[in-house]
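Work through the exercises below with the sequence and the model at hand. Each task is followed by a worked solution.

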Amino acid sequence: MAPRVVQLLFLRLVLEPALVENIQLQLAIKNFRTLHIDYPKVNYAKRFRGYCSGLMSYVRGRQQSWYCPKIHYVLHAPWTAIKKFCKYSESFCENYNEYCTVTQDSFPLTICSLSSKQPPTSCHYTSTLTDQRLYLLCSQKYDAEPIDIMGLY
């Protein structure tokens with residue numbers, strides 16, 4: 001009986017943290033795909049007061065947050081075109097405790113910026129369309145997938 005309890009305790013202490021970490025990583029990858037990629041680009045109804053206001057209402061709903069993020073990047077390119085830049089992430093970004101990379105290609109994207117001078121309960125955004133290179137956080141060093149956009153290059 002005692003060896004069985006030891007085995008179960010070992011499995012729980014060693015494997016459970018690894019499983020939780022893997023689940024969190026898979027969730028980060030999924031969130032990147034759903035919150036930062038809009039390809040092909042969606043058109044929102046006029047009642048949303050523009051592309052970014054409509055998109056950010058979706059983002060806030062997915063994040064289950066009433067907080068209005070000040071800036072959000074939305075890529076208008078296929079997942080496969082973006083994913084390839086995390087295949088080999090040689091740089092480690094200590095500030096984020098993750099591997100990171102700069103894309104070699106520019107991508108079409110929308111920068112959603114929170115409009116100033118508005119009541120705290122409403123989130124209205126302005127849209128800026130541009131083509132730029134990206135600073136990406138990657139899920140690991142090799143054969144990784146993007147998990148966040150740190151900024152633009």
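A salt bridge is a side-chain nitrogen of Lys or Arg within 4 Å of a carboxyl oxygen of Asp or Glu. The model is predicted: local features need pLDDT of at least 70, side-chain atom pairs count only at pLDDT 80 or more, and totals for chains, interfaces and linings use all residues. Residues are numbered from 1 along each chain as its sequence is written, and side-chain values use heavy atoms, with hydrogens and water left out.

**Exercise 1.** Locate the salt bridge of K87 and classify the accessibility of D143.

Step 1. The partner of K87 is D143, the closest N and O atoms being 2.8 Å apart.
Step 2. The pair joins the loop between α3 and β2 to the loop between β6 (134–138) and β7 (146–152), across 56 residues.
Step 3. Buried means under 20% relative accessible area, exposed over 50%, partly exposed in between (1.4 Å probe, protein chains only). D143 has 52%, so D143 is exposed. K87 has 38%, so K87 is partly exposed.

**Exercise 2.** How many salt bridges does a search of the whole structure find?

The search finds three. One of them is between E90 and K141, at 4.0 Å from N to O.

How values were computed: Helix = DSSP H or I, 4+ residues; strand = E, 2+ residues; numbered from the N terminus.
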